[in-house]
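Here is a friendly briefing to read alongside the model. Have a look at the sequence and the 3D view before you start on the notes.

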Amino acid sequence: MAPLLEVRRLIARYGPITAVREADLAVNEGEIVALLGANGAGKTSTLGAISGLVARSGEIRLDGREISKLRPEQIVRRGVSLTPEGRRVFAGLTVAENLAIGGAVRRAGAGEQRERLLELFPVLAQRLHAPARTLSGGEQQQLAIARSLMSRPRLLLLDEPTLGLAPKLVALVFELIGRLRAEEGVTVLLVEQNVHRALDLCDRAYVMRTGRIEVEGTPDELRRTTRIEDAYLGIVA
Amino acid sequence: MSRPWRYWAVESAAGSALVAAGLALVFLYGVLWAGGTTRHTVLFSKDTIVYFFIDVVLVVGLQIFSGNSGILSFGHTAFIGTAAYAASLLSIDVALKSYVSPGLPHYLETHSVGLVPATLLAVALVGILALATGLVVLRLDGASAVIAILALLLIANVVFGAWTSVTRGAGGLYGMPESTTIGWAFGTAVLAVVVARVFKDSRTGLQLQGSREDAFSAAAVGVHVRAARLRAWLLSAMVSGAGGALFALKLGAITPSTFYLQETFTIVVMLVIGGMTTVSGAVAGVAVVTFVREVVKPYESRSLDLGVMHVDRLTNLTNLALVALILAVLFFRREGLVGRSELDESLRRLVRRGSRNR
Amino acid sequence: MMAVIAVTGPYLVQQAINALSLGSTYALLALGLAMLFSIMGLINFAHGELLVIGGYVMWALLEHGVPWPAVIPLTLLAPALAAIAMERIAFRPLRGASLVTLLIASFAVSLLLQTVFQIFAGTDKGIELPSWVDDVVDVGPYTISVLKIVMTGLTLLTLLLLTLFLKRTLLGIAMRAAAEDFEVTRLMGVRANAVVIAAFALSGLLAGLASLFYFTQSGSVGPFDGTEPVVKAFIAVVIGGLGSLTGAVVGGFALGITEVVLDAALPAGAQPFGTAFALLVVIAILLLRPQGLVGRPVGLT
C-alpha cells in the first residue's frame with residue numbers, strides 16, 4: 001500500500017539559507033514516525049515545508065497527490081495539520097475560540113469533534129472560556145494539539161510537543177499521542193528532542209543532521225547503532 | 001594592506017566626490033545654459049536648479065537620521081520650517097520688519113543680517129530644539145517613535161500658525177531678500193553630501209546602522225543606541241535646517257502650510273525613491289523626482305477629454321507621477337534606485353571585478 | 001451650592017456630550033485604522049481618503065435628490081468597496097513587506113486619491129443638511145444637540161455590533177486570531193485573503209460611518225479633508241495601544257476628551273495653541289506608557 005505521505009528530494013529554503021537538503025521520507029497510514037536530530041538540523045523546516053509555510057522544492061505527495069505547490073490553507077484542507085513549535089496558541093482568544101478556529105476548515109461535524117476532544121483533554125473542558133494565555137504550558141500544549149485535531153486531519157505533524165514541559169507532562173503528552181493513534185486513527189509525524197521517549201513510542205524514525213537525513217530505521221535498529229550519537233554530536237536524551 | 005584608522009574620514013569624503021562631481025555638472029549647467037526664471041530652449045530654469053540644490057540639502061539631511069537609524073522621520077519638516085522662520089525673521093529688511101512682525105524683541109526688530117549669518121543662527125536654533133526634542137522622543141521605538149516625531153511636526157505647525165505676533169500666523173512672512181544664489185545653494189549641497197557621507201562611515205554611523213538591523217543585538221554588544229540616535233538626530237536636524245534657511249531666502253515668502261504634510265511627503269518620497277540607506281540615493285532621488293516633475297508640469301494646464309467626462313485642468317499631475325514612481329520602487333526595487341551601496345562603492349567593485357577578469 | 005450646580009451643570013453636560021461625540025468620531029476612525037494595523041501591520045494613511053469618498057458619495061447622492069434613507073447605506077458601502085479595491089491593487093502585491101514599506105505605500109495611495117479628487121472635484125462641495133441636524137433638545141435645564149446624541153448613540157451601537165461580530169462569528173474570531181498570529185491562522189486552514197479583505201471592508205465601513213458624522217457636522221467636502229482626521233486617528237491608535245482594537249476605541253475617546261477639556265480649560269490667549277498642548281499630552285502618554293493606555297507591556301524588543 002502506498003504511504004500516506006511521501007517526500008522526495010525535499011529542499012527547503014529561508015532566503016539564501018538552505019535548511020533542508022534533499023530529504024526523503026515516508027509515513028504510512030496509522031504509523032507514528034519520529035523525526036529526530038539536534039537543534040538546527042532542519043526538523044522544523046521539514047515540517048514547515050510539508051505544511052507549505054516554507055519555500056520548498058521537491059516532491060511532496062499526500063495519498064499519491066502532489067501538495068508541494070499548494071498554499072498552507074489548501075494543504076490543511078487536504079488533511080494535514082501542523083501543531084507548530086512553541087505551541088503558538090492564540091493567547092487572547094479563549095480555549096473555545098481557539099478550538100473553533102481549528103475547526104474552521106471542517107465545519108460539518110465540528111461540534112461532535114469538539115466534544116470528543118474535550119473528553120480526551122478534560123482540562124480544556126474545565127477552562128473552556130478562559131483566555132488561552134491563562135493556561136499553563138502543559139495545558140497550552142494540549143490546546144495546541146486539540147486545535148490541530150479539530151480539522152480531523154489524516155496526518156498530524158507535531159513539532160516538539162514536549163518542549164519546556166515538566167517530566168510528568170512529558171509523559172502525559174506521549175501517552176496522548178499513543179492514544180490518538182489508537183483511538184482516533186491519526187497518523188503522526190513527530191519531531192522530538194526527547195530521543196529516548198520518542199523511540200519508545202514510534203514505529204520508525206529518521207535522524208537528521210544539517211539538513212540531511214542521516215539514518216532511518218525502526219527503534220530497535222536505531223538503538224543498536226551508534227550513529228544517533230554522532231548525529232546529535234554527543235547529546236543524547 | 002590596511003590604512004590607519006584616522007584616514008577613514010578622508011577616504012569617506014573622497015567617496016562622496018562622485019556625487020559632488022555630479023552636482024558640479026548640474027551647477028555648471030545652471031550657470032552656463034539655464035535661462036532665468038522660466039524655461040528657455042533648454043529644459044530647466046535656473047530657479048529649478050537652485051531649488052534642486054536646496055532639496056538635496058533637505059533630503060540628505062533626512063537621510064542622515066532616517067537612513068542610518070531606520071526610523072522614518074515625518075517630523076523633519078518641523079526643523080526645516082523653524083529654520084526658515086528664524087532665518088526670515090533675521091533677514092527681513094528692518095524697514096519692513098515692524099509691519100510684518102510686530103511682536104519681535106527689540107534687537108531683532110532693529111537689525112537684519114545677510115544670508116550666511118542668518119543661516120548659521122537658524123541652524124544653531126534648530127540644533128538646540130533638536131537636542132531638546134531628541135532627548136524626549138528618541139526614548140521611544142518603532143511606531144511610537146514615528147508617532148511622536150509626527151506629533152512634533154503637528155506641534156510646529158500649530159505654533160507657526162498660532163504665534164501670530166512673531167510668525168504672522170496663517171498669512172506668513174514675506175519680504176525676505178532672495179539672497180540664496182545658485183553658488184550658495186550648490187556649495188551647501190556639496191557640504192551636506194560630504195558631511196552625511198562622513199557621518200555614515202563614522203563609528204556612530206556604523207553603530208546606528210547596526211541598530212537599524214537589530215536594535216536588541218546592537219545594545220547587547222555595547223552600542224549606546226539612544227546616544228547614537230541622538231547624535232544623528234542633531235546633525236540631521238541641523239543640515240535640514242540649513243536647507244530650510246536657504247529655502248526661505250530664495251522663496252521670499254513663507255506660510256505655515258509650506259512646512260506641513262505635503263512638503264514632508266515630497267522629501268520622504270525623494271529619499272525612498274533614491275534609496276534610504278545611502279547618500280547617493282538621497283541625491284539620486286532628488287534628481288529623479290525633480291526631473292519627472294519638470295517634465296510633467298507643462299501638462300498640468302492641459303485639459304483632458306475622456307469621452308464620458310471632461311477635465312478642465314490636470315492639476316497636480318506631478319503628484320500622480322510621483323505616486324507612480326513610488327509604487328514602482330516599492331513593487332520592483334524596494335531598496336531604492338541606488339540600492340544598498342553608495343555609487344562610488346559600486347563603481348569601485350565593478351572596476352575591481354573588471355580588472356580581475358583581465 | 002445649588003446655584004453653582006445649576007450654572008455649571010448644563011455646561012458640564014454639554015461639554016461631556018461634546019467630548020463623547022468628538023471621541024466617537026475619533027474612535028470610529030481609530031478603529032478602522034487599528035483593524036488593518038493589528039492584522040497586517042499596515043498603517044493606512046489613505047484611510048482619510050476613504051472618509052472623503054464617503055463625503056463625496058453623500059454629496060453626489062444628495063445633489064441628485066436621493067432621499068436620506070438611501071444615502072446612508074450607500075455612504076457606508078462606497079468606502080468599503082473602495083477599501084477592497086485598494087487592497088487588491090496596492091497592498092496585496094506588498095503582502096508581508098516591512099512596516100515602513102507599507103506605510104509609504106499607503107502614503108502614495110493617499111496622495112493618488114487626493115490628486116484624483118482635486119482633478120475631478122476641485123472645489124469644496126457643500127452638503128445639504130437635513131433640517132433636524134440643527135435641532136436641539138431641552139432636557140430639563142440642559143440644551144443638547146440632537147445630532148451629537150444620535151452620533152454618540154450610533155457609535156456605541158456600532159461598537160456593540162462589532163464586538164458581537166468579532167466574538168461570535170467565525171470570521172470575526174478568525175480576524176482576531178490573524179491579528180495575533182497571521183501565520184498560525186493560515187495553518188488552521190483559514191484563507192489569508194478572506195481575512196484581509198474582510199478587514200479592509202470593515203475598515204471602509206467604519207470610515208463610511210465616520211464620514212456620515214463628520215460631513216454632516218462640517219457641511220462641506222474638500223479633497224484634502226481626510227488628512228487631519230487620519231492624523232488624529234493615527235495618534236488615537238498609538239495612545240490606546242498599537243494592535244489593540246479596544247485600545248483604539250479608548251484612545252479615540254481619550255483624544256476627544258483631552259481636546260474638549262483643553263479647549264474649555266485653556267485661557268483665551270493660549271486657545272490657538274490648544275492642539276499643540278494636546279499633542280504634548282500625547283507625547284507624555286507615550287513616554288510614560290509606551291505600550292499605550294490599553295496595551296500590555298512589551299518585552300525587550
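**The sheet of chain A**

Strands β1(A) and β4(A) run antiparallel and are joined by 7 bridges. Please keep in mind that this is a predicted model.

*Strand pairing in chain A*

- The open sheet of chain A has 4 strands in the order β2-β1-β4-β5, with antiparallel pairing.
- At the edges of this sheet stand β2 (17-27) and β5 (65-66) of chain A; each has a single partner strand, so one side of each is left without a neighbour in the sheet.
- On one flank of β1(A), the pairing with β2(A) is antiparallel and runs over 7 bridges.
- Strand β4 (residues 55-62) of chain A pairs with β5(A) in the antiparallel sense, over 2 bridges.
- For a landmark in that pairing, look at A:R61, which stands opposite A:E66 in β5(A).

**Chain B and its helix α13**

*Overall form*

- Chain B contains 17 helices and 4 strands.
- Its radius of gyration is 21 Å, close to the 21 Å that the globule rule gives for 358 residues, so chain B is as compact as a globular protein of that length.
- Taken along the principal axes, the box filled by the C-alpha atoms of chain B is roughly 65 × 55 × 45 Å.
- Of the 358 residues in chain B, 49% count as buried.
- If you take the contacts in chain B between residues at least 6 apart in sequence, 75% join residues at least 24 apart.

*A helix to pick out*

- How does the span of helix α13 (residues 225-251) of chain B agree with what its 27 residues should give? At 1.5 Å a residue they should span 39 Å, and the end C-alpha atoms are 38 Å apart, which agrees.
- Of the 27 residues of α13(B), 22 are buried, so this helix is largely enclosed by the rest of the structure.
- Just after α13(B) comes B:G252, which takes a positive phi of about 85°.

**Chain C**

- In chain C there are 11 helices and 4 strands.
- A compact globule with 301 residues would have a radius of gyration near 19 Å, and the 20 Å of chain C agrees with this.
- The C-alpha trace of chain C spans about 65 × 55 × 40 Å along its principal axes.
- Buried residues account for 49% of the 301 residues in chain C.
- Among the contacts in chain C with a separation of 6 or more, 77% come from residues 24 or more positions apart.

**How the chains meet**

*Which pairs touch*

- There are 2 pairs of chains that touch, and the most contacts are between chains B and C.
- Chain A and chain B are joined by no contact, and their closest C-alpha atoms lie 16 Å apart.

*Chains B and C*

- The contact between these chains takes 31 residues from chain B and 33 residues from chain C.
- On the side of chain B that touches chain C, the elements giving two or more residues are α8 (142-162), α14 (261-274) and α16 (317-332) of chain B.
- The largest share of that side comes from α8(B), with 10 residues.
- By class, that side of chain B has 25 nonpolar, 4 polar and 2 charged residues.

*Chains A and C*

- Here, 20 residues of chain A are in contact with 17 residues of chain C.
- Two helices of chain A, α2 (72-77) and α3 (95-102), each supply at least two residues of the side that touches chain C.
- That side of chain A has 12 nonpolar, 4 polar and 4 charged residues by class.

Conventions:
Residues are numbered from 1 along each chain as its sequence is written. Chains are lettered from A and ligands numbered from 1 in the order in which they are written. This is a predicted model: local features need pLDDT of at least 70, side-chain atom pairs count only at pLDDT 80 or more; totals for chains, interfaces and linings use all residues. Two residues are in contact if their C-beta atoms, placed from the backbone, lie within 7 Å. Two strands pair if DSSP finds at least two bridges between them. Ala, Val, Leu, Ile, Met, Phe, Trp, Tyr, Cys and Pro count as nonpolar, Asp, Glu, Lys and Arg as charged, and the others, Gly among them, as polar. The radius of gyration is taken over C-alpha atoms; the globule rule is 2.2 Å times the number of residues to the power 0.38. A residue is buried if 20 or more other C-beta atoms lie within 10 Å of its own, exposed if 12 or fewer, and partly exposed in between; C-beta atoms are placed from the backbone. The expected span of a helix is 1.5 Å times one less than its number of residues.
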